[in-house]
Amino acid sequence: MEAGQEVTYDVAVIGSGPGGYVAAIRAQQHGLKTVCIEKERLGGVCLNWGCIPSKALLKAAEHWIFVKEEAAEFGITVGDASVDFAKVVARSRKIADQSERGVRSLFKKYGVTSLAGTARILGPGRVAVEGSGGLTTVNAKHVIVATGARARQIPSVPVDGERVLTYREAITLDRCPESVIVLGSGAIGCEFAWFYSAFGAKVTIVEGVDRIVPLEDHEVSEELARAFRKRGIDIVTGKFVKQVARDGADGAERGVIVSLADGTELRAAYCLSSLGVQPNSAGIGLETVGAVIGKGGFVDHDRDFRCGAQTWVIGDVAGPPALAHTAYAEAHVCVDRIAGKHVADVDYDNMPAATYCQPQIASVGLTEQEAKRRGLSFTVGKFPFAANGKARGTGHTGGFVKVLVGTKYGEILGAHIIGHDASELLPDFVMARGAEVTAEHFLHTVHAHPTLGEAMYEAVAVAINQSCHI
Amino acid sequence: MATFYEMPAATPTMTVGVLAKWAIKEGASVTPQTIVASVETDKAAADIEIFEKTTFLKLLVGPGAEVPTGFPIAIIGNPGEDITSLLHTYERMKADAAAGAAPAPVAAPAPVAAPAAPVAAPAPEAAPVAAPAPAVAPAPAVAAPAPAAPVADLSMRWMGHLLSDSVMEPRGRYVSARPAPRIVASPLAKAIAAEKGVALSAIKGSGPGGRIVAEDVEKAAAAPAVAAPAGSARRADEAVRVTQMRKTIARRLTEVHQQVPVFYLTVRYDVARLVALKEQAGAHGSKISYNDLFLKAVAKALREVPECNAAWQGDTIVRRGSVDIGVAVALPEGLITPVVRDADRKGVAEIAAEVRALAGRAKEGKLALEEYTGGTITVSNLGMFGIEKFTAILNAPEAAILAVGGVQQEPVVVDGALAVGWRMQVTMTCDHRVIDGALGARFLAALRVYVENPSLLVL
């Protein structure tokens, strides 16, 4: 498409991250002529600077830990091993490039028009796109806003992109810092902390509340803290950051000073700010369609994801949880409903979450603490990987599966896994919950032996007193 | 030993079936689970499977025959067996049936047996030759608890699991009804239904593909018992529990209706230009409704006659500073009036978007308190339901509410001649303590200017 013209579509999608590109493809599948507008790289943060390249980095860390610490136990002697950190990062960039090309070819396959430029909504069904070649005006019956989110910035943590970083700078940093202070212990913070620690950095995690991964079950937090401390990662909890400043000394090697609310000062070469995300909702003309930017900057919308006249909103910008798979789900429901197809609402109660350091964390549903707070009657089944044959064979005995089973009906209220590649196990529980499988039916489903998945079976069995393996 | 093979019950309520076609020929030897015929009922077409190794010695009826359930359609047994006595019995049964003594092909439905009868009476097994028809006739029109036991029994022998969607005859012949709806429900939904005694068959599933999920069962369990199933002549009364919202609506409407002296003013506006404007907007892809335009007109008119934008407060009348219009939104359990704030300062498109967003949230029950309180006037529109004219009860403490009827074409007199015009009726309910007749009329006249000249709405 040439810039400078006026074009007409059924659907215009702003943003090509997991929400946007899926919405665009889905719309084409419904026979709606669709354009997807992107100001940076196709695939958004997830494919370019987030989920996918970070998995490449984390796998490198896992391999390095194996070479350094675990190979000998398996009878493998490694000679002079070394890390070329720039190559570690280069591989992750190559994978990001592949992902971008993947979206491009999907667009081609399904007939989505890709329009490069910065979008601004002019009114219901009208979007101005400023690209390198000039201004294009897009008319569309429906405009889907999928502009995503960016790292949350707060005044006391001035990100300079040199020594005070967000994930966005850290993901392409081509050398491993000798020391890092990680602010915040959500998924991003924990993943980078573990990654840098694996390659030898002295890492300190600072978390404002009383435990790391604060959205997870308390026992999971404790287990991860134990594993991290064993790796030499320092964890400071219950202390908020007062100010982050660059070290006073001049020169290229100036580091950072992190002052905590209780007066403690921490010093390191780098500081990574991972204090959550903030939505990209400002300055895109949402007010021209009657959309309301609500609490936290997220765009108010109804169950169909409608936010204003002829305008819809999905993904991170539509509200938490800021997860790619949430955006996928929202894209499907939103576009199906635009196309007039009846589909069930997005099932936010069954939204899985994962953290990809090793041990990984994967969870769905209620934590034990939340289930208690709600006054539910349930039993807890916990099964350690140390009691799982496959885990012992492969040397991944850390962690456990914990499951909450409703007393009356045997429904799975919540499931929490911490252990090697836990994220790959969780879908069993997510599917079980989605299909409303009860504990009895779960145990009627034979799990292959030997697998780590058996630990899930056993945890459910423990919850209803039927385990023969612990 | 040769025996009759009878018309099976493809569904629990089936009393008569039409033999659509035989899938086997006379003299055919069959093995278990062979489909031997297809049968049509009032509801479905079904394949009949046989569950024994046997031979069809004689086909008694041909395609198109209408046969009561339990009446012979064939004679089965070992090859070469003498079936003469059975043929005699069959002829006698037909003759009896024709005389009205017992059901027969093309005769009235089988008599209604007590639900428990087929289970209690193992007659067919004990005496397969002697007049099997009346004895096996399953209870029609009842929820058929009768076949339950044989289902469980044979499912163990044949299928390894419960055939919840099929019906087994006492004789062990299994009918798989092709379009018979299988109840698709999650294990949790089944567990809750069993515990609460809710019949899954009465529930419409909301899950993927219409699957019954836990929430559906919980809702059904919370709802009052439904009326007796079809078949009983009268439907039982139903006590519907009153929600908190309904209670509040009832209390407030009663108070207002009893305490506030009101009068009504009805006007008929010429909306030809409004219709044209909406069409124009629609052609440009703007989803603007008559109501959106009307709200804007009300806002403008209220600015001109601010005395109507008021509330009675006992010792004072409060003239409201802003024009905040409540819009009545119907909900399954009542109604609610989300408020468009400062409607006089907003464009029509903005009002339209806001109304849609508020209505959407209202329907989800997600309105914040401040979003549906503190209006200065309310507009209730039933035009989209085909209502021409109606009166509304005040939304206290507001002094006025406008009841808007539908936009419709009607004969009008223009310059002494009949013509076709567009009209819309509006009835204003006025709190007489605040608004006198002349004042109300003045407001409706101001409103007329905007409704009839909608181009002024954009100024």
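Modeller: Chain A contains 14 helices and 23 strands; helices (H or I, at least four residues) and strands (E, at least two) are DSSP runs, numbered from the N terminus. This is a predicted model, in which local features need pLDDT of at least 70 and side-chain atom pairs count only at pLDDT 80 or more, while totals for chains, interfaces and linings use all residues. Residues are numbered from 1 along each chain as its sequence is written, and chains are lettered from A and ligands numbered from 1 in the order in which they are written.

Of the 470 residues of chain A, 48% count as buried. A residue is buried if 20 or more other C-beta atoms lie within 10 Å of its own, exposed if 12 or fewer, and partly exposed in between, with C-beta atoms placed from the backbone. Two residues are in contact if their C-beta atoms, so placed, lie within 7 Å. Among contacts in chain A between residues at least 6 apart in sequence, 66% join residues at least 24 apart.

One element of chain A is an open sheet of five strands with parallel pairing, in the order β8-β15-β9-β10-β11; two strands pair if DSSP finds at least two bridges between them. β8 (164-165) and β11 (234-237) of chain A are the edge strands, each with a single partner, so one side of each has no neighbour in the sheet. β8(A) pairs with β15(A) (residues 270-273) in the parallel sense over two bridges, and A:V164 has A:C271 as its bridge partner in β15(A). Helix α6 (residues 187-198) of chain A lies across β9 (179-183), β10 (202-207) and β15 of chain A, and runs at about 165 degrees to β10(A). Axes here are lines fitted to C-alpha atoms, for helices over the stretch in contact, and angles run from 0 to 180 degrees between N-to-C directions.

The largest nonpolar core has 203 residues, and A:V145 and B:V298 have the most contacts inside it. Such a core is a set of buried Ala, Val, Leu, Ile, Met, Phe, Trp, Tyr and Cys residues joined through C-beta atoms within 7 Å. Beyond its neighbours within four places in sequence, A:V145 is in contact with residues including A:I14, A:I284, A:W312 and A:V317.

Where the chains meet, the contact takes 20 residues from chain A and 23 residues from chain B. On the side of chain B that touches chain A, the largest share, nine residues, comes from α11(B). The predictor gives the complex an ipTM of 0.77 and a pTM of 0.60.

Finally, the backbone. Most residues other than glycine have a negative phi, and most peptide bonds are trans. The peptide bond from A:P320 to A:P321 is cis, with omega near 0 degrees, and A:P321 is placed in the loop between β18 (311-313) and α8 (324-338) of chain A. A:E436, in the loop between α12 (427-434) and α13 (439-444) of chain A, has a positive phi, near 55 degrees. A:E436 is buried, with 26 other C-beta atoms within 10 Å. A:N465, in the segment after α14 (454-463) of chain A, likewise has a positive phi, near 60 degrees. A:N465 counts as exposed, with 8 C-beta neighbours inside 10 Å.
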